[in-house]
Amino acid sequence: MNKLQKKAANQRRRQNRVRAKVNGTAARPRLSVTRSNANVYVQVVDDVAHKTLIGVSTLGAEFKATGEKAGTVAGAKAVGAIVGKKAIEAGIDSVVFDRGGHIYHGRVAAVAEGAREAGLKF
């Protein structure tokens, strides 16, 4: 197993550990954060119905209208604010946060902070 395969396997193991404890329902869906070096992707997921209710990323038109850069903490906070606003409009006021195996730090924490400022409860 080379270095990249081991890193991906460790990431998947952390995701599975978090996913075993964090589950989204219709009343309280899961706010899932995925990040790469360049972008941040956020989804609000109902795990019982196996449906993505809301999806926002730094590649979308709503984000580009904010003028923030995609790979930054400020950009991640803007994505969190957008997903929070969309969730409130859809009637979702409370979610379970899924950090996706990443450390709760930097861009992942900024997404949560932006969503909280938009009115979502964790």
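Let me start with D98, which sits in strand β4. Bear in mind throughout that this is a predicted model.

Is D98 buried or exposed? Its relative accessibility is 0%, and buried means under 20%, so D98 counts as buried. The side chain of D98 reaches the backbone nitrogen of G100, at 2.9 Å. Setting aside neighbours within four places in sequence, D98 is in contact with V18, R19, V22, R30, L31, S32 and V33. One of those contacts, S32, is also the bridge partner of D98.

β1, residues 30-35, and β4, residues 96-98, run parallel and are joined by 3 bridges. On β1 there is a second pairing to look at. β1 and β2, the latter being residues 40-46, pair in the antiparallel sense over 6 bridges. Between β1 and β2 there is a hairpin of 4 residues. If you want to find it on the screen, look for R35, which stands opposite V40 in β2.

Now the helix, α1, residues 3-21. How far apart are its end C-alpha atoms? They are 28 Å apart; 19 residues at 1.5 Å a residue should span 27 Å, so the two values agree. Which residues of α1 are buried? They are Q11, Q15 and V18. Looking down the axis of α1, the buried residues fall within an arc of 65 degrees, and therefore they line one face of the helix. The cover over those buried residues includes β4. The face of α1 that is turned away from the buried side carries the exposed residues A20 and K21.

At the N-terminal end, α1 is capped by N2. A side-chain oxygen of N2 lies 3.1 Å from the backbone nitrogen of L4.

Last topic, the aromatic rings. How many aromatic pairs does a search of the whole structure find? The search finds 2. One is F97 with Y104, an edge-to-face pair, with 5.8 Å from centre to centre and 90 degrees between the planes. The other is F97 with F122, which is tilted, with 5.4 Å from centre to centre and 50 degrees between the planes. This F97 and F122 pair links distant parts of the chain: F97 is in strand β4, while F122 is in the segment after α4 (107-117), and the two are 25 residues apart.

Taken together, ring pairs link F97, Y104 and F122 into a cluster. What about their accessibility? F97, at 17% relative accessibility, counts as buried. Y104 is partly exposed, because its relative accessible area is 40%. F122 has a relative accessible area of 29%, so F122 is partly exposed as well.

To close, back to β4. This strand holds D98 and F97. It is joined to β1 by bridges, and β4 is also part of what covers the buried residues of α1. That is the end of my tour.

How values were computed
Residues are numbered from 1 along each chain as its sequence is written. This is a predicted model: local features need pLDDT of at least 70, side-chain atom pairs count only at pLDDT 80 or more; totals for chains, interfaces and linings use all residues. Side-chain values use heavy atoms; hydrogens and water are left out. Two strands pair if DSSP finds at least two bridges between them. The expected span of a helix is 1.5 Å times one less than its number of residues. Buried means under 20% relative accessible area, exposed over 50%, partly exposed in between (1.4 Å probe, protein chains only). The arc is that of the directions from the helix axis to the C-beta atoms. Contact means heavy atoms within 4.5 Å. A polar contact is a pair of N or O atoms within 3.5 Å; within protein, one must be able to donate a hydrogen and the other to accept it, and residues adjacent in sequence count only if both atoms are side-chain atoms. Rings of Phe, Tyr and Trp (its six-membered ring) pair if their centres lie within 6.5 Å; planes under 30 degrees apart count as stacked, over 60 as edge-to-face and the rest as tilted.
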